[in-house]
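Student: Could you go through this structure with me? I would like to look at local contacts and then at the overall picture.

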Amino acid sequence: MPIQTLVIVPARSGSKGIPDKNIKLLGDKPLIAWTARAIQQANLSNSIAILSTDSDYYAKVGCDAGLRVPFIRPVECSNDKASALAVVEHALHWFEDEYHYLPEQVMWLQPTSPFRSSAIIEQALELMERRQADGVIGCKEIHRDLTTLFKSNDGFLTALSNDKAIQTRRQEVEPLLTPNGAMYLCKTSVLQEKKSFYSERTVPLVMDAVMSLDIDTLTDWAMAEAFVKAKLVE
């Protein structure tokens with residue numbers, strides 16, 4: 001049966017904020033291994049999961065964690081200016097060369113979101129099919145109203161919306177949603193056409209604060225360690 005979903009775990013070496021972040025030990029395992037374990041525990045049929053990295057050592061860590069590493073990513077899509085789209089396109093070229101067709105959809109799972117669960121991975125695929133969507137994106141809620149989101153205008157606060165009185169009570173505010181970086185799922189044809197994971201038929205998958213944690217700074221890393229120590233994650 002043809003492979004329907006290509007799952008890509010991107011792990012570039014050379015992180016500046018947290019050196020070697022993607023292989024740094026979080027709890028008892030490298031950061032990459034948290035996402036690898038969630039993939040292995042998910043009920044994924046007709047799927048293949050690969051690690052896309054520019055490092056031989058990262059490739060070894062990924063293999064030890066159970067991920068397939070079919071290539072070392074070339075320099076042109078490995079620097080800090082390379083887009084996610086460029087990495088996906090490279091992986092799709094490899095897939096087409098290997099299997100002589102393209103997968104129906106691509107799932108992008110960043111290792112910097114280590115606490116996204118196997119259940120969430122399954123839920124994204126189920127949601128995609130049930131809603132007949134073009135994509136599913138992990139999101140977190142922002143309990144703020146546009147009247148309390150501001151930009152600086154000549155050094156003064158200017159609300160993004162002035163069409164009503166400022167809303168500050170949580171109970172009165174319909175949450176806004178913003179991508180959390182933990183989950184991107186998109187039809188391959190739409191991704192190639194739009195050059196983006198976003199389309200008009202993208203469905204949000206809301207996650208809690210723990211699963212939405214995206215490790216970018218040392219403060220984020222300290223929070224992740226605190227979650228592990230408090231046994232908020234397994």
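**Salt bridges, fold and backbone**

Tutor: Glutamate 126 and arginine 130 both belong to helix α4 (residues 118–130), four residues apart, which is about one turn of the helix. Helices (H or I, at least four residues) and strands (E, at least two) are DSSP runs, numbered from the N terminus. This is a predicted model, in which local features need pLDDT of at least 70, side-chain atom pairs count only at pLDDT 80 or more, and totals for chains, interfaces and linings use all residues. Residues are numbered from 1 along each chain as its sequence is written, and side-chain values use heavy atoms, with hydrogens and water left out.

Student: What do the side chains of glutamate 126 and arginine 130 form?

Tutor: They meet in a salt bridge, at 2.7 Å from N to O. The term denotes a side-chain nitrogen of Lys or Arg within 4 Å of a carboxyl oxygen of Asp or Glu. Glutamate 126 is partly exposed at 38% relative accessibility, and arginine 130 is exposed at 52%. Here buried means under 20% relative accessible area, exposed over 50%, and partly exposed in between (1.4 Å probe, protein chains only).

Student: How many salt bridges does the structure hold?

Tutor: The structure holds seven. One of them joins lysine 195 and glutamate 89, at 3.2 Å from N to O. Lysine 195 sits in the loop between α5 (188–194) and β10 (202–206) and glutamate 89 in helix α3 (residues 84–99), so this pair ties together parts that are 106 residues apart in sequence. Lysine 195 is partly exposed, with a relative accessible area of 48%, and glutamate 89 is also partly exposed, at 29%.

Student: And which residue does lysine 187 pair with?

Tutor: Lysine 187 forms a salt bridge with aspartate 134, their closest N and O atoms being 3.6 Å apart. This pair links distant parts of the chain, 53 residues apart: lysine 187 is in strand β9 (residues 176–187), and aspartate 134 is in the loop between α4 and β6 (135–142). Lysine 187 is partly exposed at 26%, while aspartate 134 counts as buried at 16% relative accessibility.

Student: Is threonine 188 buried or exposed?

Tutor: Threonine 188 is buried, with a relative accessible area of 3%. It lies in helix α5. Leaving aside residues up to four places away in sequence, threonine 188 touches Leu92, Leu102, Pro103, Glu104, Gln105 and Val106. A contact means heavy atoms within 4.5 Å.

Student: Changing topic, what is the secondary structure of the whole protein?

Tutor: The protein has six helices and 10 strands. Its radius of gyration is 19 Å, close to the 17 Å that the globule rule gives for 234 residues, so the protein is as compact as a globular protein of that length. The radius is taken over C-alpha atoms, and the rule is 2.2 Å times the number of residues to the power 0.38. Of the 234 residues, 46% count as buried. Among contacts between residues at least 6 apart in sequence, 72% join residues at least 24 apart.

Student: What about the backbone: which phi does histidine 100 have?

Tutor: Histidine 100 has a positive phi of about 70°, although it is not a glycine. This residue lies in the loop between α3 and β5 (105–108) and is exposed at 67% relative accessibility. Aspartate 154, likewise not a glycine, has a positive phi of about 55°. Aspartate 154 is in the loop between β7 (150–153) and β8 (156–159), and is exposed at 74%.
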